[in-house]
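Trainee: Could we go through this model together, one question at a time, so that I can see how each answer is reached?

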Amino acid sequence: MFLALYVTLKENTDVEWNSIEEIIYEVIRVVFEENKELNLEFQNEEDREWISQLIRYIFSESRGLENSVIKDLEQFEENFGKYISNELNNKYYSNVAVLINKLVKDNIDKEISLDVLNFNYSINQQDAEAIIKRINRVSLNSWRNIHGTARYFGEEMKPIFGIDMHDILENENASYSGELSEQNYNFNKLPFNDSKVIFTKFFRLLFGNKDNSNIALNKFSSNIDKIIFYGHSLSHADYSYFESIFDMYDIYNIHSKVELDFYYHHVHNPQNSKKLNTENINSRRSSVKNIVNLLTSYGQTLGKENHGENIVNRLILEQRLHVLESPK
């Protein structure tokens, strides 16, 4: 079902394969909410109507509607994992080592300990440990594939996709303020009876983790110098993770020294054509917008007026916010 929807989307739409979670959210809205239409750009309105009707038809007669949609999603995830596994080769792993080395090269004169929260499905912890050993003066403190791995074994989790609780709460006009805690949430406003909750990432992570002690083995360092964002779209679906990390290291605190490095996709070309230069400018502009949206959203969770606007200014003034082109 999810693949059928994707192929009918309008060409050049902002929804790419790595925005599949936006598609998932739209599918479950149509399934579980009455009179809802898909809020995506299609090649034409006929396709929008046809896909909406197809979604309702496929799941309308199902017994245990939630289980039926989950089963369809799990089949998609399994096929995705097989595709990623088939694409992996030795060159890919070598490139990962080169990339990590370049991301930390400014600090290579001292010993570096890395904590990695990996949103990619290709490299598991065993791969990561072997790769890091190739890099001088760099060690691995923790590695967590937050959404599973394509090549999973033991207690590792299969690939999962999911939506963020933000999406449900905003749709319900409820307030959301970051981390799951009694202090930060009004539990009376959390729609736990909403059928869409079982598709949220935190629900699927807890449900899919057979051994929660595995999480405790991957704790981040208490003191860090820098948070690096690379290769992530900064999509709304992952805001909860970022907000939790920002809380953990108290980045708004005036005494904080933690720097934020955001890398955007930059194409390196010795000819430096006019077209390519325009593409890189647009890429940087898009990245800056996403960064501001993320940080402003986080600032609004702090509970004080104007924090949403001030956090970006503070980080800039304290020279703790950097927007960098991807390494060559």
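**Reading the model**

Mentor: Y298 is buried, with a relative accessible area of 2%, where buried means under 20%, exposed over 50% and partly exposed in between, with a 1.4 Å probe and protein chains only. Bear in mind that this is a predicted model, in which local features need pLDDT of at least 70 and side-chain atom pairs count only at pLDDT 80 or more, while totals for chains, interfaces and linings use all residues. Residues are numbered from 1 along each chain as its sequence is written, and side-chain values use heavy atoms, with hydrogens and water left out.

Trainee: Which side chain does the side chain of Y298 join in a polar contact of 2.7 Å?

Mentor: Y298 lies in helix α11, residues 274-300, helices being DSSP runs of H or I with at least four residues and strands DSSP runs of E with at least two, numbered from the N terminus. Leaving aside residues up to four places away in sequence, Y298 touches E243, F246, D247, I251 and I311, a contact meaning heavy atoms within 4.5 Å. A polar contact is a pair of N or O atoms within 3.5 Å; within protein, one must be able to donate a hydrogen and the other to accept it, and residues adjacent in sequence count only if both atoms are side-chain atoms. The side chain that meets Y298 at 2.7 Å is that of D247.

Trainee: How many aromatic pairs does the structure hold, and what is the angle between the planes of F80 and Y121?

Mentor: Rings of Phe, Tyr and Trp (its six-membered ring) pair if their centres lie within 6.5 Å, and planes under 30 degrees apart count as stacked, over 60 as edge-to-face and the rest as tilted. The structure holds 13 aromatic pairs. One of them is edge-to-face, F80 with Y121, at 5.1 Å centre to centre, and it links distant parts of the chain, F80 in helix α4 (residues 65-87) and Y121 in the loop between β1 and α6, 41 residues apart. Both F80 and Y121 are buried, and the angle between their planes is 80 degrees.

Trainee: Which residue has its backbone oxygen 3.4 Å from a polar atom of the side chain of N118?

Mentor: N118 lies in strand β1 and is buried, with a relative accessible area of 11%. Not counting residues up to four places away in sequence, N118 touches I123, W143, R144, N145 and I146. The backbone oxygen at 3.4 Å belongs to I123.
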